[in-house]
Amino acid sequence: MAIGEPEGGDRYSRQSRFWGIGAAGQQRIRAGHVVVIGCGALGSAGVNLLARAGVGRITIVDRDFVELSNLQRQLLFDEADAAAGLPKAVAAARAVARINSEVEVRPFVADVTPANVEELVAAADVVLDGTDNFETRYLVNDACVKRGVPWVYGGAVGSTGMSMTIVPGETACFRCLFPAPPPVGSMETCETAGVLAAGIVTVAAIQCAEVLKLLVGDRENRSRGLTAVDVWTNDHLQAEGRLRDPDCPCCGQRRFEYLDTVATSRTASLCGRDAIQVSPGQAQALDLGDLGRKLEVTGPVTVNDYLVRCRVDGHEMTVFADGRAIIKGTTDLAVARSLYARYVGT
Ligand SMILES: [Zn+2]
């Protein structure tokens with residue numbers, strides 16, 4: 001700090017003094033809207049950085065709730081959030097309000113589906129990937145390429161992580177790089193390989209720097225390929241060159257196969273969790289109080305503004321207002337579907 005400058009007069013002074021941002025860049029960051037899809041480990045580290053950087057609007061989309069086992073790596077949450085069973089989007093929004101009350105933050109407790117993804121990304125200047133699965137990333141990629149919205153991919157497992165900045169019409173898209181999802185069971189997951197918070201936070205930091213470059217319009221310094229890091233072995237890889245595939249179904253041929261999938265009732269196992277999510281085909285608007293009273297026959301029931309939780313047949317079942325349920329203690333899709341049908345309905 002130069003002599004004579006007031007201390008703390010501007011909360012962003014250290015950032016706007018940085019050559020890549022400046023006062024004009026800070027204004028753009030403030031005018032920016034970032035939609036964060038998935039608020040687990042990557043998403044919560046990202047939201048934390050973006051809120052502190054002064055991004056004007058942050059929309060946080062997440063389908064899950066906070067648990068004690070998240071706290072090792074999910075930087076926005078604490079023991080009180082886990083005890084209250086708060087949805088991650090809601091707990092994250094409350095944390096943002098404490099970190100930076102200037103940020104207009106909007107939590108959205110939902111699964112990202114073909115039915116809602118386009119509307120979600122269309123409102124964004126930049127989309128930040130905090131998801132933990134390929135299916136959602138393909139969906140986000142389709143929606144972002146179709147709507148011309150840049151997004152920053154991120155993923156981490158073990159001590160490694162990857163990031164890529166995708167600018168429709170300019171760079172390769174996610175599908176240019178990964179034309180098809182990996183075969184089921186072929187990839188390490190956080191469940192099989194574990195995950196280091198340090199690896200996640202490194203990737204989140206790279207992603208957030210890319211988000212800021214996109215918001216301030218620094219085209220020259222943006223990452224031009226896939227960045228991979230391993231915080232344990234200290235390997236770094238920057239893959240550049242001809243990544244864009246002219247035959248890519250998404251950005252080459254503009255066939256949005258994931259977006260055009262008709263939303264149907266579906267089940268999905270959750271990464272890093274001994275749990276299954278069951279979703280109705282279309283979002284519902286459940287009366288949680290009513291459902292809670294019905295479920296009292298099963299034993300003690302927890303109800304808050306966002307969810308109902310009970311134990312059925314030895315499994316913890318959490319039902320959200322949009323009709324989704326997360327059933328813990330099983331990786332069997334059929335078991336989860338059957339419990340859902342019996343206790344919530346089809
Ligand atoms: Zn492509």
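This is a predicted model: local features need pLDDT of at least 70, side-chain atom pairs count only at pLDDT 80 or more; totals for chains, interfaces and linings use all residues.
**Entry 1: helix α11 and its sheet**

I started with helix α11, residues 288–295, which lies across β11, β12 and β13. Its direction runs at about 15 degrees to β12. Contact here means heavy atoms within 4.5 Å. Axes are lines fitted to C-alpha atoms, for helices over the stretch in contact, and angles run from 0 to 180 degrees between N-to-C directions. Helices (H or I, at least four residues) and strands (E, at least two) are DSSP runs, numbered from the N terminus.

Residues are numbered from 1 along each chain as its sequence is written, and side-chain values use heavy atoms, with hydrogens and water left out.

Next I looked up the sheet itself. It is open, has six strands and pairs antiparallel, in the order β9-β10-β14-β13-β12-β11. β9 (266–269) and β11 (302–303) are the edge strands; each has a single partner, so one side of each lacks a neighbour in the sheet. Two strands pair if DSSP finds at least two bridges between them. Strands of a sheet pair through backbone hydrogen bonds, either parallel or antiparallel.

**Entry 2: around β12**

I followed β12 on both sides. Two bridges join it to β11, and the two run antiparallel. They form a hairpin with three residues between them. Here V303 stands opposite V308 in β12.

V308 stands opposite V319 in β13, and C310 stands opposite M317 in β13. This hairpin has two residues between its strands.

How much of β12 is buried? Five of its six residues are, so I wrote the strand down as mostly covered. Buried means under 20% relative accessible area, exposed over 50%, partly exposed in between (1.4 Å probe, protein chains only).

**Entry 3: two residues with positive phi**

D313 sits in the loop between β12 and β13. Its phi is positive, about 50 degrees, although D313 is not a glycine. D313 is partly exposed, at a relative accessible area of 47%.

N234 lies in the loop between β7 (226–230) and β8. It has a positive phi of about 65 degrees and is not a glycine. N234 counts as exposed, with 56% relative accessibility.

**Entry 4: the zinc ion**

Which atoms coordinate the zinc ion? I found C173 (SG), C176 (SG), C248 (SG) and C251 (SG), at 2.3 Å. Donors are N, O and S atoms within 2.8 Å of the metal (3.2 Å for Na, K and Ca); water is not among the atoms, so sites may look incomplete.

The donors follow the spacing C-x2-C-x71-C-x2-C along the chain. C176 in helix α8 (residues 174–177) and C248 in the loop between β8 (236–239) and β9 are 72 residues apart, so this pair links distant parts of the chain. Both C176 and C248 are buried.

Why is the arrangement tetrahedral? The four donor atoms subtend angles of 94 to 123 degrees around the zinc ion. Four donors count as tetrahedral if all angles lie between 85 and 135 degrees.

**Entry 5: the eight-stranded sheet**

I then traced an open sheet of eight strands with mixed pairing, in the order β3-β2-β1-β4-β5-β6-β7-β8. β3 (104–109) and β8 stand at its edges, each with a single partner strand, so one side of each has no neighbour in the sheet. On average, neighbouring strands are turned by 15 degrees against each other, direction ignored.

I checked one pair in it. β4 (residues 126–129) and β5 (residues 151–157) pair in the parallel sense over two bridges. V127 stands opposite W151 in β5.

Two helices went on my list. Helix α5 (residues 88–99) packs on the sheet and touches β2 (57–62) and β3; its direction makes about 170 degrees with that of β3. Helix α7 (residues 134–147) also packs on the sheet, touching β1 (33–37), β4, β5 and β6 (160–166). The direction of α7 makes about 170 degrees with that of β5.

**Entry 6: helix α10**

Last, I checked the length of helix α10, residues 197–216. At 1.5 Å a residue, its 20 residues should span 28 Å, and its end C-alpha atoms are 28 Å apart, which agrees. The expected span is 1.5 Å times one less than the number of residues. G217 follows α10, and its phi is positive, near 80 degrees.

Technical notes
Four donors count as tetrahedral if all angles lie between 85 and 135 degrees; four count as square planar and six as octahedral if opposite donors are over 155 degrees apart and all others between 65 and 115; anything else is irregular.
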